[in-house]
Amino acid sequence: MSEPDSQAGGTVKKFLYINRRAPHGSNYAQEGLEVALIGAAFDQDVAMAFLDDGVFQLKSNQDTAEIGTKNFSATYRALGDYDVKKVYVERESLESRGIGEDELMPLVYEDEDDDWEEKPLISVVDEAELREIIDQADVILNF
Amino acid sequence: MSIEIEGKSYETDEEGYLANLSDWSHELAEAMARMDGCDLTDNHWEVVNFLREYYEEYQIAPAVRVLTKAIGKRLGKDKGNSKYLYELFPYGPAKQACKYAGLPKPTGCV
Amino acid sequence: MSAILHTVNKSPFEKNSLATCLRLSLPGSHILLIEDGVYAAIRGGSMSDDLKRAMSDRTVSVLGPDLRARGITEDGLVDGVGVVGYDGFVHLAAESSKVQSWM
């Protein structure tokens with residue numbers, strides 16, 4: 001919380017959700033996703049960053065049928081519907097884990113003003129870009 | 001809490017949302033609507049069915065703004081607006097329709 | 001019949017459970033990666049070389065259901081890593097002198 005709350009007139013703050021945990025070994029990922037969606041439903045300006053083991057959250061083809069948990073990886077595809085349009089994935093984290101960019105879920109949002117055309121949601125960014133993204137957020141939440 | 005229909009009991013949370021998605025049936029949806037004094041018309045079913053499909057695909061019950069936009073895309077702008085949806089579901093389109101659809105309370109609803 | 005089955009259930013990028021397991025397991029033992037432990041076996045990941053070295057005298061496998069939950073395919077694994085199901089896990093445990101869980 002880097003700024004005072006005394007902003008009248010509905011100034012929209014920039015929220016950044018930093019996700020650093022793998023999806024199925026703990027509840028952090030699922031809870032972080034829900035909190036981000038709730039924030040977005042309340043018209044916050046929401047960006048999400050996935051780094052360290054958080055990049056595994058966006059791996060395509062996750063199928064939890066055999067481990068008996070809810071397959072919440074499908075829910076990331078709703079981010080576009082909630083008007084989250086900034087999803088950053090750190091390149092260095094992908095590389096050290098052997099995950100290619102093409103192995104991430106192809107998340108998109110549909111541009112209402114452009115005949116519902118699907119546009120990509122994920123930007124793979126490097127460390128230097130991520131430093132700036134973190135620097136420019138008003139509020140950062142960690143999961 | 002629970003709902004009783006035709007001698008069978010179905011578990012719900014304190015606001016009347018079904019505890020088990022798999023308990024849902026058309027009859028149960030109609031029974032829940034009747035308890036709210038609401039008769040489900042084709043227009044209601046359109047929204048309820050849409051929500052069930054949305055949940056199937058995304059594993060989440062959409063917030064009202066998301067529902068409105070998605071309905072607009074699917075069924076046209078004359079249905080994708082809050083006036084139309086609030087007329088159908090006066091207790092709040094996402095909240096009330098999700099209940100009849102057997103889904104949990106929408107993510108982003110308080 | 002006397003070898004130990006070592007299981008590792010943490011991501012190697014978050015905890016050193018696998019590194020410690022690799023340091024402290026004897027030749028002939030079996031290492032089974034489960035839950036977030038399976039992330040270590042992705043080909044091209046930074047643990048690849050350590051696993052290959054371990055497989056010169058130990059066997060390494062991963063639990064299939066945990067692999068599929070995480071969207072990792074069998075052909076995307078480090079060469080030489082086997083895949084077992086829940087039945088295979090039980091079998092390995094029954095065949096081993098004991099099970100050491102690195103958590």
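**Core, contact and hairpin in a predicted model**

User: Which residues have the most contacts inside the largest nonpolar core?
Analyst: In this predicted model, the residues with the most contacts inside the largest nonpolar core are A:Met48, B:Leu51, B:Ala97, C:Val38 and C:Ala41. That core has 85 residues.

User: Where does the largest share of this core come from?
Analyst: Helix H1 of chain A, residues 28-41, supplies the largest share, with six residues. Chain B takes part through both domain 1 (2-35) and domain 2 (42-100), each of which gives at least three residues to this core.

User: And what does C:Ala41 touch?
Analyst: Leaving aside residues up to four places away in sequence, C:Ala41 touches C:Leu33, C:Leu51, C:Val62, C:Leu77, C:Val78 and C:Val81.

User: Turning to chains A and B, how many residues does the contact take from each?
Analyst: The contact takes 16 residues from chain A and 13 residues from chain B. On the chain B side, helix H2 (42-58) and helix H3 (64-75) are the elements that give two or more residues.

User: Which element of chain B gives the most there?
Analyst: H3(B) gives the most to the side of chain B that touches chain A, with five residues.

User: A change of topic: do strands E1 and E2 of chain B run parallel or antiparallel?
Analyst: Strand E1 (residues 2-5) and strand E2 (residues 8-11) of chain B run antiparallel, joined by four bridges. B:Ile5 has B:Lys8 in E2(B) as its bridge partner.

User: What lies between E1(B) and E2(B)?
Analyst: Two residues lie between them in a hairpin, and B:Glu6 in the turn has a positive phi of about 45°.

How values were computed. Residues are numbered from 1 along each chain as its sequence is written. Chains are lettered from A and ligands numbered from 1 in the order in which they are written. This is a predicted model: local features need pLDDT of at least 70, side-chain atom pairs count only at pLDDT 80 or more; totals for chains, interfaces and linings use all residues. A nonpolar core is a set of buried Ala, Val, Leu, Ile, Met, Phe, Trp, Tyr and Cys residues joined through C-beta atoms within 7 Å. A residue is buried if 20 or more other C-beta atoms lie within 10 Å of its own, exposed if 12 or fewer, and partly exposed in between; C-beta atoms are placed from the backbone. Domain bounds come from an automatic or database domain assignment. Two residues are in contact if their C-beta atoms, placed from the backbone, lie within 7 Å. Two strands pair if DSSP finds at least two bridges between them.
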